[in-house]
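The following note sets out some local features for a colleague who has not seen this structure before. Please read each point beside the sequence and the structure.

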Amino acid sequence: MTARAADVLVVGGGLAGAVAALAARAAGAAVVLVRRGPGATAYSGGAIGVAPDLDSLPSDPLSARRSPLESARRLAARRPGHPYALLGVAALEEALAFAAAELSAVLEPPDGRPRFLAHVSGGISECALCQRTQAAGDLRRVRGLVAVVGLSGHLGFDARLVASGVARRLAAGGPQALAVEAAWPTGPALAALDPAGLARALEVPGAAEALGSALREALPRKVAVALLPPVLGLDPAARVPERVAAAAGLPVAEAVSDPPSVPGLRLDAALLARLDSAGVEVLHGEALPGGRPGQRKAVVLPGGGTVEVTAPAWILASGRFLAGGVVRCGALVEPLLGLPVQASESGAAGVHLAGRPAATLTVRERRAPQPLLAAGLKVDASCRPLGEDGLPVHYRLFAAGAVIGGHEHAADGTGLGVGILTGWLAGRGAAGPVRR
Amino acid sequence: MGYDVIILGGGVNGLGTARDCAQRGLSVLLLEKGDLAGGASGGGSALLHGGPRALREDPGAARRAREASAELLRAAPHLMARVPFLQPFGTTAEEAEGAALLAGAGATRLTAEALYRLEPGLRPGLRGALRLEEWVVDPWRLAVATALSARAEGAEVRTWTEAREVLREEGRVTGVRWLDALTGDTGVARAGVVLDATGAWSPGLAARSGATVRLRPSKGVHLVLEGRRCEHVVAGAAVDGRPVFACPRGGETWIGATATDSFGDPDDLEATHDEVAYLLDAVGALLPATRQARVTRATWALRATPRAAAAASEAPWAGHALLDHAAEGAAGLLSLVGGRLAWHRAQAEEATDRVLALLGRGPVTCRTREVPLPGGEAAPEPAALAARFGVPVAVAAQVVARHGATAQVVLGPCLEDPRLRLVVCREAGLLAAEVVHCARHELVRRLRDLRTRCRLAVGACGGLDCARVAAQLCARELGWGPAQLRHELADLLEVGWRERRAVLDGPQLAQEELLRGAHWGVGR
C-alpha cells in the first residue's frame, strides 16, 4: 500500500481525461491520472469531430462551409440537452487550441475551418482537428487530382469505394479522384497482417521508402496527393508519412478508418506520451468505487498492489459503456460513485428514465438519435455532476467526456469535441480557486 | 413465360415443394418476397422433435419425428446436431405426468443425480428428469441447401420478388403478377397451378386474389445468449405455466419461446420488452447462470397454424393444411400452410402429389427422401482442409458445418488467390473465400442475404469488423457501385439493430456503442 497526494485526481485516460489532466497541470496543479486501459478514444477513427454542419447540403461549396465553432453554436441552439448547450461553446476555441498544442506530436494545428477527410467506408468525415498523417487529404485544400491507393492484397481498403466518396464532393468544389492499386513493397505476407501490423511493418527502415517508390511508379504525373489506407505508422517518431512522401515525390495522407484503427491507437499512445512529458503521474490500474473528493481513493494496480490517492478535486472522465463509466445491468448506473444517470437529451426528462426498458429508450430507425446510447451524467455549467436534487453532488467533483450524457458521443460527430471542451473546463475548474 | 407450377414463398414448405416438383420433372418458378427462410422456417426453434408438449398434442409425433430426423441425417448430416431433450420435474405430480408419456415416446427416466451430472447448471431441488430424443437443424442452411437443390434440378428461384396477385380467368388460375423489390420490375408469369406457401403472409395474398386462407398466426420470440449455457435442450415452465426451453446451437444458446396470437402486419414485428423479460425470467429460474448471460439478439417469427374451422387437412397428423381453392373460383390454386420444420419434406411430397394430380400428370415417384441435399455427401475433415488450403482449422470447421461436402469447393479459390484466406469474422469463422462463394453461387442478391448464408454480422459483434469488408467483397462479385454498396451496408446494420435494441444491456450495450461509432457515417 502506497499513498499519493495531489491537487487533482483524474479517473479515466482517454482524450477527455488527458485534456483535463493537462489543463489542470498547465494551471499549476499536481495531477494523478488513473487509467484502466484503452477506451473510446483508442477505438475512434483518430480525427476529431467537433460538430457536424447540420445546415449545409453535401453540394454546398466546401470552401464556404461554416467553421466548427459556428456549427457547434448552431447545434447547441437546436439540442438543449447537448453538453454544448449546457456548457456553452465560448471556451471551445481556446480548448481546441490547447489540445492541439499539447498533442502537437500527432495533431495538425487548427485553422478555424472544417476539414473534410475521406473515410474508408466511402463517406466523408467532417472534423475540426485532424492528425498530421491525415492533413494532406483535406478535400478543401487539395488542389489537383487525389489518387486513392489500394495495396494489393489488403482487402480491408477498397480504393474504388473511397475514390467514389471523394468524387461525390466534386460538385462542392472537391478534387477529382482516381483509384489505383499499388504493390505492397515488403513481401507477400500482407493478407496475414491487420492494420496495426501493416503500420508497424511500415515503420521499419526502408519499408516506407519502398512504398513511396512503388507509388512513384504506379501514379500518373498529374496526381497532387496520394490517399492511402490508414496504416502510416503507429509511432509519430517513425515519420512514416514524411518518408513515404519523400520517396514518392508527392504528399501522402491516410484515410479515416473505422475501429480498430491505427490513427485511433496512435492518438491514444500520443496522449500517454504527452501526459508523461507534462509531469502528470499516470497510474495504470482501476479506481475502486466510492468516496468523495478529499477522501482517500484506492487504486488497484494490475500486479495486485494498491495506491491510495488523496486529492481535494476529482475529475470523472471514465467514459461511457465501452469504458465502463456508465453501465446498464437492468438499469443504468454510474458504478464508481453511484451518481444518477439520465437517459435522454431532453433537460426535463429527469433521472427516472434510467430504469426504463431498453426497448423504450431506443427507436426503431437505427440512424435516429437513441436516448439509451446518449445516457450519462448531467452536469452544471462548471462540469460538475448533478445529484437527484439537481444540485452539484460535490463542489470539487467534476466530469469530462462521454460519462456526461446528452450526446451520442460515438455516433453524432461531437464526441471528441465534447471530450476536449469538458476536459478543458473540468481541468481548469479542478485546478482553479474553490467555487461554491 | 409458362411454367407447370409457380410456388410462392421461400420457406422450407415452398422450397421443399419446389425441389420435389423439379425433381419430378415439372418446370417450376419459386418467388420469395424477401430472402430465403425469412419467416417461421428460419426464426423458429429448429427443434425436430419438440419435447413432451409436441407429444401431448399429437401422439404420432414421436414416430414421425424419428423418421424426419433420420431422413435429414441422410440428406444433410452437416446441418444436424443431436441435443437430447431434458424435461426436469420438481414435484411428484410432474413426475407422474411425465411417466404417462414414457410409454409411447421412447423417453427414459433420469435420477436427480444423473440429471445434475448432465446439467450441473440447473436450479437445485429437482427430483429427476425425462430424457427424450432431440435434434436441432440449422434452419438457415437447410433452406439454402434446399433452394440450391431445387435450382440444380431446374427450378427457377427468385428472391426479393413478390407475387402481388394471383391471376384468374374463368374460375381457373393462370399465373401471377410479380414485383421485383430490388429492381422495381414487374411482370406476369404463367402457370396452371399456383401453390401459395407464404405462411403468415398467406391470408393477405389470398385476399388479394379472391380466395380465403384462415390462420391463427402465433408470434414466437426467441433470445440468443452468448456461449453454450447447457449441453441439452432443457425445458421448464414460465410464470404462466407455458413451456420454455434453452437449447445450445453452435456457440450460442437459444431460449424460447413465447407464443402469442398476432393478427397484425407480419412485416411489422419486433420483440417487445415484456417478451424479453418473460423469457429471461423463465429460463433464469431454470438455469440461474443465464441471468448473467449476455443476450446478443432477439429473433421472432410468425408461426402460421391453420385455424381449426378451415383445416381441411387430409393428412394423418394435425398442424398443416393443404387447401384447394377451386370452390372459391380459383381452380389450380393451392395453399400449403402450417406444419412443422421437421417434416417439411413429407409436406412437400404431399403438395407435389397434389400438384401433379391437378396438372393431370400421372404419378411420378418422389425421390427427395433418398437424394442428399447439396453438401450432404461425406464431409471432409476440417484439419485436412485447413492444411490443404492454408486456413485456420477452426475456420475450416465452420465452413464444413455450413457447407458440408461443398466446403472444398468453397475453399478452392484460396489456392489461386491467397487474399481470400482473410478471416472476415473470427467468431463466425468466416473467410473472405466463403463470402465470395456465397455471393457467386447461393442466390445472394442483397448483403443481408449473407446472414443466412454464412452468419454475416449475426453474432455478438453485430458486424463490427466484418460488415464493411464483406460488403466490399460482395460488391465486387455482384457488380454493385459504391452507392449501392453503402445502401446495402446500411440495410444490413438496420436489420441487426432491430434484433438488438430490445435486449441492449451490459457488454452488449458497450458493443453497440462501438458498432455505432464504427458505422456512424453509413447510410447518411
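1. The model is predicted. In chain B, the charged end of B:Arg516 is placed over the ring of B:Trp497, 5.3 Å from the ring centre.

2. A further arrangement of this kind involves B:Arg249, whose charged end sits over the ring of B:Trp254 at 3.7 Å from its centre.

3. Over all chains, the count of aromatic pairs comes to one. The partners are A:Phe98 and A:Trp424, and their geometry is tilted, with 5.0 Å centre to centre and 40° between the planes. The angle counts as tilted because stacked planes are under 30 degrees apart and edge-to-face planes over 60.

4. The place of this pair in chain A deserves attention. A:Phe98 belongs to helix H4 (residues 92-102) and A:Trp424 to helix H11 (residues 415-431), so the pair ties together parts that are 326 residues apart in sequence. Both A:Phe98 and A:Trp424 are buried.

5. Strand S4 (residues 115-118) of chain A directs A:Arg115 and A:Leu117 one way, while A:Phe116 and A:Ala118 point the other way. Which of these residues are buried? All of them are, A:Arg115 included.

6. S4(A) pairs with strand S5 (residues 124-127) of chain A in the antiparallel sense, over four bridges. Within S5(A), A:Cys127 is the bridge partner of A:Arg115. The two strands, S4(A) and S5(A), form a hairpin with five residues between them. In the turn, A:Gly122 has a positive phi of about 90°.

Methods:
Residues numbered from 1 in each chain as written. Chains lettered and ligands numbered in written order. Predicted model: local features only at pLDDT ≥ 70, side-chain atom pairs only at ≥ 80, totals over all residues. Heavy atoms only, no water. Buried < 20%, exposed > 50% of the residue type's maximum accessible area, 1.4 Å probe, protein only. Pairing = 2+ DSSP bridges. Phe/Tyr/Trp six-rings, centres within 6.5 Å; stacked < 30°, edge-to-face > 60°. Lys NZ or Arg CZ within 6 Å of the ring centre and 35° of its normal.
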